[in-house]
Amino acid sequence: MIMTTDTHDFVIELKDVTKPLERFTLGPLNLTLEPGYIYALVGPNGSGKSTLFRMLMNLVKPASGEVQLIGHSYSPDAEPVIKRRIGYVPELTEWEEIAGTIGELTAFIRYWYPGWNEGLYRELLAKFQLDEGLKLKKLSKGMQRKLALVYALAQEPELLLLDEPTAGLDPLAWRDCMKEISRFMADGRRTVVMATHILEEVRRMADYVMFLYEGRLLGTFEKDTLLEEWKSLWVDRAPEGAERIPGVVHVERGPVADRLITRQAAQTESALKERGVTIRTMGALELDEIFAYMIGK
Ligand SMILES: Nc1ncnc2c1ncn2[C@@H]1O[C@H](COP(=O)(O)OP(=O)(O)OP(=O)(O)O)[C@@H](O)[C@H]1O
């Protein structure tokens, strides 16, 4: 029998997980995510984000390796236990294929989730201006996104897997969505993993950023540390061999001034000082720039 009151150190644990895809192999992925944080999964189109989510939901089987969620590997016994504790917003809901109304779909979903919070469901439905009488076939893309999030939240899961949850939402709905994800996190023990292309979302919400590039995870980075450590430095003239100064990942020499990109601002700063180089200005990098330098583009 599978207990639901177990304790586990990691909400998600992947060991050497691989899955051959069309253009590359996803993995080997090694990942341990502690509960209590928001993790943003960032990567270009086709880098494997949705496939990773689908693997976490056991909708795609890994070719090798081990996937554990909330302390369990998928087995026929464990699957319903795991699934009842995860809220999943897939990239595509495809509800336009289903005849029926929101209310009818809700009746089906509610049945599967013992933790279903009817009060929260009704509150969120009203907040997102969705009505139970609406026909699923008639829902816009944005309405489908909102409804998927309502369902995921009303299940009161401990882990939310959100695959581009706000793609196509209008600014007001986007703001409500951010608020609801923050509210979900309020008790401090829940976890969100969120794939997104919206950097503002990462900046506002994420505790950690995971970069995925052509199936490889470049790491799980604390967002604040990442933004503090990666800097752009302008100097009058970069010294010879500036490329080898601790932290420096890129040097651009210009006619008037040179620009250094560092992943360890403090170390680079003191190394430049030692060489008698004055830093004119130091600026932050955006997450997309950091990602581009990480992959060498
Ligand atoms: N089950 C599968 N078997 C083989 N290849 C697959 C499978 N599912 C997806 N792929 C391929 O894997 C690659 C990654 O797709 P995926 O949808 O995971 O990327 P993504 O990072 O979510 O992209 P986007 O940002 O565009 O949503 C694509 O080339 C896709 O065609």
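1. The note opens with M210. Setting aside residues within four places in sequence, M210 is in contact with Y39, A40, L41, V42, L217 and T220. The model under review is predicted. In this model M210 belongs, with A40 and V209, to the residues that touch the most other members of the largest nonpolar core, a set of 62 residues. Helix α5 gives the most to this core, contributing 9 residues. There is also a second, separate core of 10 residues, with A238, I261, L272 and V277 among its members. As general background, nonpolar side chains tend to be buried together in soluble globular proteins.

2. The overall dimensions and composition may be recorded next. The chain comprises 10 helices and 14 strands. Along the principal axes, its C-alpha atoms fill a box of roughly 70 × 40 × 40 Å. Of the 297 residues in the chain, 33% are buried. Among contacts with a separation of 6 or more, 68% are between residues 24 or more positions apart.

3. L287 deserves a separate entry. This residue lies in helix α10, which spans residues 287-294. Is L287 buried or exposed? L287 is buried, because 20 other C-beta atoms lie within 10 Å, and the cut-off for a buried residue is 20 or more. Neighbours within four places in sequence aside, L287 is in contact with V42, L199, V202 and V209. V42 is also on the list of contacts of M210, and V209 is one of the residues named above for touching the most other members of the largest core. L287 and L149 are 138 residues apart in sequence, and their C-alpha atoms are 25 Å apart in space.

4. Two helix pairs involve α5. A pair of packed helices is described by the angle between the two axes and the distance between them. The pair α4 (residues 118-127) and α5 packs at an angle of about 160°, and the axes are 9 Å apart. The two helices are therefore roughly antiparallel to each other, since the angle is over 145 degrees. The crossing in which α4 passes α5 is right-handed. On the α4 side the contact is made by L120, Y121, L124 and L125, and on the α5 side by V150, L153 and A154. By class, this contact has 7 nonpolar residues, with no polar and no charged ones.

5. The other pair is α5 (residues 141-154) with α6 (residues 171-184). Their axes are 12 Å apart and meet at an angle of about 10°. Accordingly, α5 and α6 are roughly parallel to each other, as the angle is under 35 degrees. Here α5 passes α6 in a left-handed crossing. G142, K146, L149 and L153 of α5 make the contact with A173, C177, E180 and F184 of α6. The classes in this contact are 5 nonpolar, 1 polar and 2 charged residues. L153 of α5 takes part here and also in the contact with α4.

6. In general, most residues other than glycine have a negative phi, and most peptide bonds are trans. The peptide bond from G27 to P28 is cis, with omega near 0°. P28 is found in strand β2, residues 25-33.

7. Two glutamates have a positive phi. For E94 the value is near 55°. E94 is placed in the loop between β6 (86-89) and α3 (102-112), and it is exposed, with 9 other C-beta atoms within 10 Å. For E156, phi is about 50°. The place of E156 is the loop between α5 and β7 (159-163).

8. A186 is exposed, because 7 other C-beta atoms lie within 10 Å and a residue with 12 or fewer counts as exposed. The C-alpha atoms of A186 and L169 are separated by 23 Å, the two residues being 17 apart along the chain.

Key
Residues are numbered from 1 along each chain as its sequence is written. This is a predicted model: local features need pLDDT of at least 70, side-chain atom pairs count only at pLDDT 80 or more; totals for chains, interfaces and linings use all residues. Axes are lines fitted to C-alpha atoms, for helices over the stretch in contact, and angles run from 0 to 180 degrees between N-to-C directions. Helices (H or I, at least four residues) and strands (E, at least two) are DSSP runs, numbered from the N terminus. Angles under 35 degrees count as roughly parallel, over 145 as roughly antiparallel, 65 to 115 as roughly perpendicular and the rest as oblique. A crossing is left-handed if the near helix is turned anticlockwise from the far one by less than a right angle, and right-handed if clockwise. Two residues are in contact if their C-beta atoms, placed from the backbone, lie within 7 Å. Ala, Val, Leu, Ile, Met, Phe, Trp, Tyr, Cys and Pro count as nonpolar, Asp, Glu, Lys and Arg as charged, and the others, Gly among them, as polar. A nonpolar core is a set of buried Ala, Val, Leu, Ile, Met, Phe, Trp, Tyr and Cys residues joined through C-beta atoms within 7 Å.
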